[in-house]
Every structure is written in structure tokens, then in C-alpha cells.
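Visitor: Please put the model on screen. I have some questions about it.

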Amino acid sequence: MENNQTSILILDDEPIVSKRLRPSLEKKGYKVEAFTTSKEALERIEEHEFDIVVTDLKMEGVDGMQFLTLVKEKYPDTEVIVITGFATMATAKESFTKGVFDFLAKPFKLGEIAEVIARAEAKRKRN
Amino acid sequence: MVPINFNSEKKMRLRSKLKRMFFGVKKETIPFRIIFAEFKKSLELNNQILDLIADANDKLSGDYIFDEQYIQKTCHRLTELVQQLIVTINHLTDQKYTDLYTNFHRIESEIDSLLSGRTLNQVKDFVLPYSSVSRDLTDSVGGKNAHIAEIGALLDLKIPSGFAITTSAYLYFLDDNNLRNRIFGIREKWRHKEIAVDEASQKISRLILDAEIPDVLKNEILSEAERVSKEYEDVTPCFAVRSSALGEDEISSFAGQYLSCLNIPLNEIPQAYKEVIASLFSPEAMEYRLQMDFRPHEIMMAVACQMMIPAKASGVLYTYNPVRPKEETMIINSAWGLGEPIVSGEVPTDHFVLERRPPHQARELNIVRKDQSMILKGCGGIAIDGVQEEQRMEPSLKKDQLQELARIGIRLEQYFKRPQDIEFAVDSQNKVTVLQSRQLRLQDERAPRACDLTGLGGKYPILFRGKGIAAMEGIGIGPAWILSEEHDLNEFPMGGILVARHATPQLARVIHRAAGFITDIGSTTGHLATVAREFRVPALFNTGNGTELIEHGQEITLDTECLTIYEGVVQELQYYSIQEDPLEEMYEYRLLRRMLKKIEPLNLTDPTAENFTPAGCRTYHDLTRFIHEKAVETIIDLNFYHAHHRDTQAGQLLWDYPLDLILIDVGGGIEGKHEKGIRPEQISSIPMQAILDGMSYPGMWDMSPAGVDFSGFMSSLTRTSPIRSTSPEDVGRNLSVISAEYTNINFRLGYHFTVIDAFVSDNILDNHIYFRFSGGVTETTRRTRRTRLLAKILSHYDFLCEVHGDIVVARLKRTDRDGMLNRLFLLGLLVGFTRQLDVKMVSEDTIITFFNEIKNIMEKKNGK
């Protein structure tokens, strides 16, 4: 096992997001786990700490804001990146106050999210 | 009946016409500023629509992650904008174009039903002969039919005679028997784990097999089968009835899950049809579709009916060894008789391994003892029969047949841009027929990205690199074929790389044969670029002098992602070239592609063509294009040809440069009288003066001589013939509405459109400049150098810049009079200058060069 591999959890209820994102990130050497319901993602978060969490904001059940709040409470060092189709300044600002690393509006480019993840990874390594 | 608006609109039109006839009331009662406001609104809508289409098209490039919500939102917004645009043109023209609503509503409802997941892009026909099947019809005939028909029609390979029974027939059959909801109900039970997949499968199959085929459908199938079998008078017509389900051919591991019925006599086709349809719900297929995220409306079966070929030998060809693709070999398995037991692995087969590289030398020839074969039984059915003793140890394929198959394999692979899994039959005259061809999924790890393959340059000689723009990314390998007077396009060889001076639309004619395109001149927004993307043919345009650096007949490898051309065949890249993310596996991708078919294609390219009418509009883009043309035409007609308005005067600009520009003055923009035209010194509109100063700056207008493309391009912007000799219906006029402080310019440059809207006064708060440059044809997937150069210059001079695909929009406000005029001078420079950029921007370095050139001019002008 490579211990220095950066681990990423992706949560988005639109399956296409993880379907596209996962192989693209795996190709870059990340260890990726993807979920489409916040319930499953929460269960996984309970047992494992991820370096980076990528989550949608607007979902059924526990919404992304609650999810990322819980993640940050449990693991303050985990970097959270928010992706959402309901991009408004208000939600973006709110997520920043929760300690979110960065914010991406859907649709976004694979290259854009890869760049944000690389920055989050660099920040974690510095700390 | 409810009175319809349309009628009242018609009446209004008639009434105003009568009024004009009898009382001489003219349109001039409407002040020009109101008409002009409508005109500007139409331009604004036009721009918004094109921006949205360009953005949506960009999403298909594979670079983006987008969801269904995005597609919904984009389509709804487009519908809204196009509707507003139709309202606006009708205001502007006194309800002259109300018939635009007919096609608009048709497209709107097609889009809605695609979005709601009720339908796909289907034709209404129940059966289609192979001669009228193409890949555009995949949603109607399924992948297998579409592929085989395309192979026969375009690649000139022998295929079985036959026809497709469409997905519309499938739905008709279900609905006539009231089965759709019942099947859906059973499927839902299974999806919610209430029943097992086997039980669900059996229940659905029973429903289908017990149903009756409606007479209309049955008769259409039988009469088409009769028509096909008439081509073969001497044999008893028997058919293979095969599945051609949606999504079936996109991945070969899905093959074999559906039924094929062989040697079916004509009158038994309907029964076989039902059996094939029932196999759509085999347990394996149901599980597979769940994994592929198929929506209920995508679960449909078209059927292929093909004349049986009494095969002497049959087999399967893989264009790569799927387990060890790096060995660069192809594999053929074959045996005597029909192919079914070979495909299903029931009989021992001869095994041949050939090199992929011509002359396809054999690496392995493994001949087995073949005791049995499957043959056709006289009329109907098949049988297993003993092979004659002397044939049992003989190879089932001869050496020249192996060679022919290898060539066919490579050709199909080049055409479909994927490794292929091909079934074939050899008839008694030793002729090879392709029965089907589908993508072969390789098991190996994905190859590294082409750019990561470091050190290739050391291993293979590079002809040139870093030149040109990729119109379609990818790898193309083949002999270079240079288009010239000695080489006629009709002689372009299969698998060649076409090297030409200009990326003209005519080259698209050989798209089916081309492994790549390289041109000296051309832009990523042209027709050829669009076609190259549709067919995934790598294309590198604007190399400057590629035709001089490449030799005719030379074997080359084109890597458009790294803008590199190698001499010879670069094996590492060849392997990479056929590995790609299977975007088709995403529902959202399929949906967006279907939507864009209704929105984006531009059929109305020529305003003088017969189809340039409301009835000719087949997409939102067509509607938008038509309305834009008519809006400009209306303004010019009203003010120039008829001079209806007392409050305006109009005339053509008389200039040293051949710019065909009509000026409409709405107040204080022109001084003195004009008879034959307006001289530049008569223009008192300050923004217009500044723009013309920029355009006429020495060197901006006539730089170096350009190629043929360029002169054609010039003539659409500028016309040397006097304007009076062209009719009002003529095309490509440039229009400017001016006043003392205001200018609105609409330039058309072939496909390109430039808009400048500026107000300059001593009040800083009122001042604004809006500049828009667009490629017009929006199929671009990436920003061109020209776009980036414009954005760089404009941002440097304080404009707020936005780039959508090939469109640049720049805005400037709150700047004083002199600052505004300085920027308008800059825009004038750019308008003169950008006309040449398509031709000149051959490398990345040119961005800096041109940027500095413009900066120097500006500094010189401002005395720095």
C-alpha cells in the first residue's frame, strides 16, 4: 500500500459527476471513493479520514452544507471543495465561513477541479 | 374554436397594407429610434443565443462535467430567447415573419419531449432499406444496422443485403398490444428488488411472445423482405433476423446477449421478429443496462433483417489482441460453414495471428481438425453437418483471404476510430462479406497521454512541431497525400492523411477515407472542422507551410494534441490513438448530443439560397441566423433603399478602402448634402470617426498578400462593385447607425460578425463601448489563438472581456471622452487587423508578436 497517496471522497447525487471525476482523478494517482447519497458518505466518513472531500451543496436528505459541516467538525484538516449547480454568491460565502477550501460552479472542466484539488493537496502537505 | 392570435395578426397586417394603399400612410409614422431599439434588441438576443449554443457545444468536447440540470436549463433558456427573437423581428417588420412560429413550435416540442425522456430522435418509418440508413439514424435503427449500412455505403465493402426494422416499429408493436406500461411495471418491481431478474425477464418475454404483430407492421416487414429478396432470383430467400438494440454495439462485451435467428424463410420473419424483441429483456441485458444507466425510453430494440449468405467459411477478426494489445497483432479465428458456432465457441477453430503492420505477416498459423460445421438447411433452419474428410485438416482461410481480411480490419478500425471486432463470411466464390463490426474493448491499462510519452522525438524524426491549431484532437497515421493540381481529390486513398493549402468544405467529401487532415490555412470554426469532430478525424489547421514540409506519399504520424508531425509510424501513439474515454456511456452526454441536433446545426448558410426561408429553418440556429439577416435587411431597406424616414438620412460610405458600409444618420452624424455617397470628412459622428481612423491606419488594411481563402473572405466583408448594382436582397451588407455622439456598427465577414456599439460624450457616466467578435459558426471546441489575442489586447486596454467558444465580448464604461476615442481607434485597428489573423496566426509566438505590434501603434499614436 502506498501510504502517501492522497485520498479523496466525492459526494454528488448526480451519478455522472463521480463517473467522470473518479477515473480522471485515479489516473492522476489519487485514491478515490465516490458516493451518491450523503447517508453512505457519512457512514464512510465515520470510519475513515480523507485528505480531500469534494461535495455538491444541494442534495436530497442531508444536504451538502450539513455534510461538510460534519466533516470539518470531525476532521478540521480535511480540505473540502464544494461543487454545485446552484451557484449563488450567498451559498458560496456561507460555505467559505465553514472553512471550505474552494468553490466550483457546475458545469466545470476536469482541468479546473484537478487544479483546485492540487492546490488543496499542496496546502495539506505544507501543514 | 378559440380565435388564434395568428389570424388577428394576419388581419392587422392586411389592414395596415390597405391603409397604406388607400391613404398613403407610410411606416415613417413610427419614429426610427423605436425601430432601432427593436433592432438592437434583436441583436442582443441573437448574441445571447449564439453564446449559449457555443457554451453547450463546448460541453461535448469531453473536458467538462455537467449534469442533466444544466441541459434542462440551457434548453429552456434557448427556447425563451428564440421565441423573444421571433416576436422582435415581427415587431420590426410589421408581422412579416409570423410563419417562423410554425417551425419554432415544432422544434420546441421535439426538444421538450427529448428532455422529458419520452422519446429519442426517431424517424416515423417502420422499416428502412440499408440504402437509406446512416449513423444519424442510430436512435431509429440501432448501432448494428447503422454500422453495417455505413460499411456498405461508404467503405465499399461487401455486406449482406437487408433492411432495418426501426425502434418506431418496436414502440408501435408494444403500444398496439398495450405492453409498454406492463413491461415498465415488471421492470420497476425488479429494480426495487421485489422480484428476481430471471423472473422479471421471463414475465416480460412471455408478454412479448404472446402478443400479435399489428397487420400494418407485418405487411411492411414482409413487403420489404420481398423487395430485398427479388435481387436474388435464383435462391430461396431466407433471412437472418438479428437484434440491433440501442447501445448494443457501443461495447463488445454486451454482444451475444440478444438473439439472432438464422435462415428464416420470408413468411416466418414476423415470428422471429418477436423472438428477437423478447431477447431485449434477457437477464444479462437487463443487468447491463442498469449499469449503463439506460433510461426507460432508451430501452428499445431495432431489428436487422439480412439475406443469409451460404457461407463456405466464417469467422471473427479482432484488429488487436485484446489481452496484449502492445504486441501489435490481429487475431482471426475461422472454421467451415456458418459463423454462429464459431462466435459462441462451440466448435474448434483455426487460429491465425497476423502483424497489424502491412504486409501483415503471419506470426502464428494454428490449423485444427474441423469435423463439423453449421450449414443452411434447404429452406429454413440450420443443421450441424460432418465436414468432408479431405477438408478437415485444411486451413479454412487461404493466404490471400487472410491478407484481405487484415486490410478490411485496419480500414474499419481507421473509419470507426476504435479497435474492431468483426464477423465475416466467405461465400462459394471466395468473396469476403462483412456481417458486422463493433468496438473491441481492450483489457490492458489505459495508455499514457500522448504528451506524456517523453522521448518520442529522439526515437522518431519530427517533420515539424508547434505549428497550427488542432481542429480535432487525436492521432492519425498514414501516407501523406498532398492536394494539388496533379492530384485529384477523387483519387485520395483510403487511410491517407490529406494535406492541403486550405481547409475548404469540399475536403469533407473524403472524410470517410481520411486518417487525418493537415492544412496551411483554416480555422477551427469552419465546416471541415465540424465534420472532422463528428467523425473523430484528427485535424491540424493553419500550419502555415505544412504542404511544403511534407512529401507526397510519405508515411507520417500526426499528433494534433502535441501539434507534432513525425516521419514514419509511431507505434506508441498508434496504440494511444484508439484508447479514449467512452463518453457515449453517459446518459447526459447522449442527451446533450441529441438536444444539440435540434439546436445547433446551421442549414441556412447562404442567404441567396432557396431554402433561406422560415420554412427552411430546421434548428434554433437556423431561426436565429434567418432573423439576424432579415433584421439587418429591414433596417437597410427602410432607410437606404426607400428612405422612408424623415428623421434619418442614409448613404454609402465613399472610402479609399473597399468597405461596403451603409451609414444611417439619426441626428448630427453626417454633415452637408450627399448625392452619390458620404465622404469620410462629412462624418461628424465622433465615435465613427475614431473607428474609421483606426481602420485606415497605414498597414492595417492592406498588409501582406493572402491566399485564395483570404480573398474570398475579403469579398464578403468588402465589395468593390458599386452598391447600386446590387439588389436590396443581396447579402453581406455592413450597416452603421450613427449620430453625433453615437455609433452602432454591424460588420459581417463571411461567417464572422463584428458588432461595435459606442456612445461618447463629455459626460463620463453616459459613455460606453461594447465590442463583439464572433466566429458565427459556433461548433468550435476550443478557443482559437485569434480569440486569445483579441482578449489579451482588449484586456490590456482596460476592456472587461468575456470569451465563449470563439466569441469575444468586450465592454468599457466610465472613461472620459479622449479615453473612449482612443479605444475606438484601437477597435478600428482590430477590425482591420483581425480579418487577417486566421491566416497569419500559425504559432503560439504570433500572439505576442501581434500584441506588440498593436501596442507599438497605439504608443506611437499617443506620442509615447
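Visitor: Which residues touch the most other members in the largest nonpolar core?

Guide: This is a predicted model: local features need pLDDT of at least 70, side-chain atom pairs count only at pLDDT 80 or more, and totals for chains, interfaces and linings use all residues. Residues are numbered from 1 along each chain as its sequence is written, with chains lettered from A and ligands numbered from 1 in the order written. A nonpolar core joins buried Ala, Val, Leu, Ile, Met, Phe, Trp, Tyr and Cys residues through C-beta atoms within 7 Å. Of its 127 residues, the ones that touch the most other members are A:Ile8, A:Ile81, B:Ile49, B:Met595, B:Leu663, B:Ile691 and B:Leu824.

Visitor: Which helix of chain B gives the most to this core?

Guide: Helices are DSSP runs of H or I, at least four residues, and strands are runs of E, at least two, numbered from the N terminus. With twelve residues, the top contributor is helix H2 (residues 32–59) of chain B.

Visitor: Is B:Ile469 buried or exposed?

Guide: B:Ile469 is found in strand E16 (residues 469–472) of chain B. Buried takes 20 or more other C-beta atoms within 10 Å, exposed 12 or fewer, partly exposed in between, with C-beta atoms placed from the backbone. B:Ile469 has 25 within 10 Å, so it is buried.

Visitor: Which residue stands opposite A:Phe108 in E1(B)?

Guide: Strand E6 (residues 108–109) of chain A pairs with E1(B) in the antiparallel sense, over two bridges. Pairing requires at least two DSSP bridges. Opposite A:Phe108 stands B:Ile65.
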